Structure formats: structure tokens, C-alpha cells
Amino acid sequence: MTKYILVGVDDSPEAQIALRWAVDAAAARELPVRVIRAYLNEISRWPALGVEGYVPQPMPLDKYQHELDAAVQYARDRLGYDGGSGWLASSDPANALLIEAEDAEMVVVGTRSRNKVSAAVLGSVATAVSAKAPCPVVVVRGERRTGPVVVGTDGSPDSEDAIAFAFEQAARTGQRLDVVYCWQPQAEHAASIDSTEQLLQNWLAESLAPYREKFPTVPVRASVAEGRAGTRLIKRSAKASLVVVGSRGRGGVTGLLLGSVSQSLLHHADSPVAIVRRPKES
């Protein structure tokens, strides 16, 4: 079965930004786009049945279908007729996306500005999809922009997959790749900080050698930084076109939780964030 880029849409401007991001990613990968318009969660916005004077109205399925059709047509206009398909899902958006993610190369979702209200929306869709999807998930915030692809690594298998994804993204977009290893030296080890940092620099350079050989056209900057990974990566997201991390790094429960770094980035990064999950072993 042909893989596709999966994107969720609704009637928000953020969904349109996510759609454009997904179509651009699909064009770079020569893949089609599959659009999901789910609406079950919107029923809760309607006046409750039984309220005096309330006349039940039929669900606005024509409106939802129109939004889906417009999104599919946008994909087809740029990718060809076979480049766009869609599903109008009577389902919670996260569940609908996770069902279709089984055959996806990547899932793309939009998120609103960083505030308490959007955090609840983000928690119900983007976080759930990022935590459980069997493929990379890109959470898009703001219009697409140029800038380096930034990837955080901690030497874990999850971060190895994140590095591979980041190199591919940088190669496709022509952006520089910034690889960051964050560490927090202890006060009692102050005398050996410089030597430890040099050892980490050497390790990082060696670990990236196979990727540099595979992607010789990608300009790479590798750095070791003191401090919390989430804080460092959020700061770098201000000038990044994309920040990439593994789904958990060290710790976490497979399929249930996102790591603290991933969670911090989803809620506070200024750029799109890619959460890369290690594929299931067959």
C-alpha cells in the first residue's frame, strides 16, 4: 500500500496552515495527502437537548463535507488528482487520526497560540496523536518559514531515529541542520567539565559521521550545550524551521506517555515540532 501524509483539518486558520505544511511535505516526498475532517467533539458545543425553547437542528454535515472537499481539492491542485483523498469521520479527531496513521508516512496537525485554552485543545488532539501514532507526528504552529532544522539527541535509540528524520528533512528543504546534545554537569564534577564536554563533542561527531556520509549536501552544526534539553531547544525554536525530537528519549512508557522534552516543546516551541517514534518491531 502506498504511504501518505496524513493531516487533520477543521474550520480553524491553524488547520489551513497544517494543510499547507502537509502538502509541501508530500510534494517533497512524492507522496499523496490524506485529509481527515472529524467532527464528533463539536457536538458538545451545541445547546443541550431539553432546554426550553431549543429546536434541535440537524448536524451540519454539509459544512463539514465542504471543508473536507476544499482541503482535498487544495492537495489535488498541487499534487495531481491522485494526490488527495479524504475521510469525513464521525469520530473524535485524535481517534480518527490514529486509525489512519497506521498507513501514514507522517501525521501533521495544527495547534493554536500558546495559552491556557489552546493547551486544552492541544492536549486532546496533538498530544494524544504524538504519544500514540506509529509514525512521526509534526505539530505545526505558525506559518512555514525558513531556518535551520534543529534536532535534539541524547544517544538513545529514539533520538537516533530523530536524527535520521532531521537529516532527511534538511536534505529535502535545503536547510542547515543543527544537532544539539544537552547535558547538566554536577557541581562536584566542576574540575572535569571541560574534559567531559570535549569527550561529548568527540562522541557526537563520531555518531553523526554515517549521516554526513549519507547526506553529503546537508550543512551540519553539532554542539554540546549545558542545560535542560527542553529549555535549550525551545530557545532555538525561535529561529528554526522545525525542531525534531524522539518521542521519549530516556524513560517513559511505550505508547502511553511523551517525554518531558517532547511535552515542553509541544506547548512552548515557536516553530513546528516533529515527534519521531521508533517503529514497531515486526
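If we set aside neighbours within four places in sequence, Ala 38 is in contact with Val 9, Ala 89, Ser 91, Asp 92, Pro 93 and Ala 96. Keep in mind that this is a predicted model.

Is Ala 38 buried or exposed? Its relative accessibility is 6%, and because buried means under 20%, Ala 38 counts as buried. As for its place in the fold, Ala 38 belongs to strand β2, which covers residues 33-38.

Now zoom out to the sheet. Ten strands form an open sheet with mixed pairing, in the order β3-β2-β1-β4-β5-β10-β9-β6-β7-β8. At the edges sit β3 (84-89) and β8 (220-226), each of which pairs on one side only. From one strand to the next, the twist averages 20 degrees.

Let's follow the β8 end. Here β7 (residues 177-183) runs parallel to β8, and the two pair over seven bridges. Within this pairing, Leu 177 stands opposite Val 220 in β8.

Two helices that pack on the sheet complete our tour. Helix α6 (residues 157-173) touches β4, β5, β6, β7, β8, β9 and β10, and its direction makes about 170 degrees with that of β6. Helix α8 (residues 229-236) touches β6, β7, β8 and β9, with its direction at about 155 degrees to that of β7.

Terms used: Residues numbered from 1 in each chain as written. Predicted model: local features only at pLDDT ≥ 70, side-chain atom pairs only at ≥ 80, totals over all residues. Heavy atoms only, no water. Pairing = 2+ DSSP bridges. Helix = DSSP H or I, 4+ residues; strand = E, 2+ residues; numbered from the N terminus. Axes fitted to C-alpha atoms, helices over the stretch in contact; angles between N-to-C directions. Contact = heavy atoms within 4.5 Å. Buried < 20%, exposed > 50% of the residue type's maximum accessible area, 1.4 Å probe, protein only.
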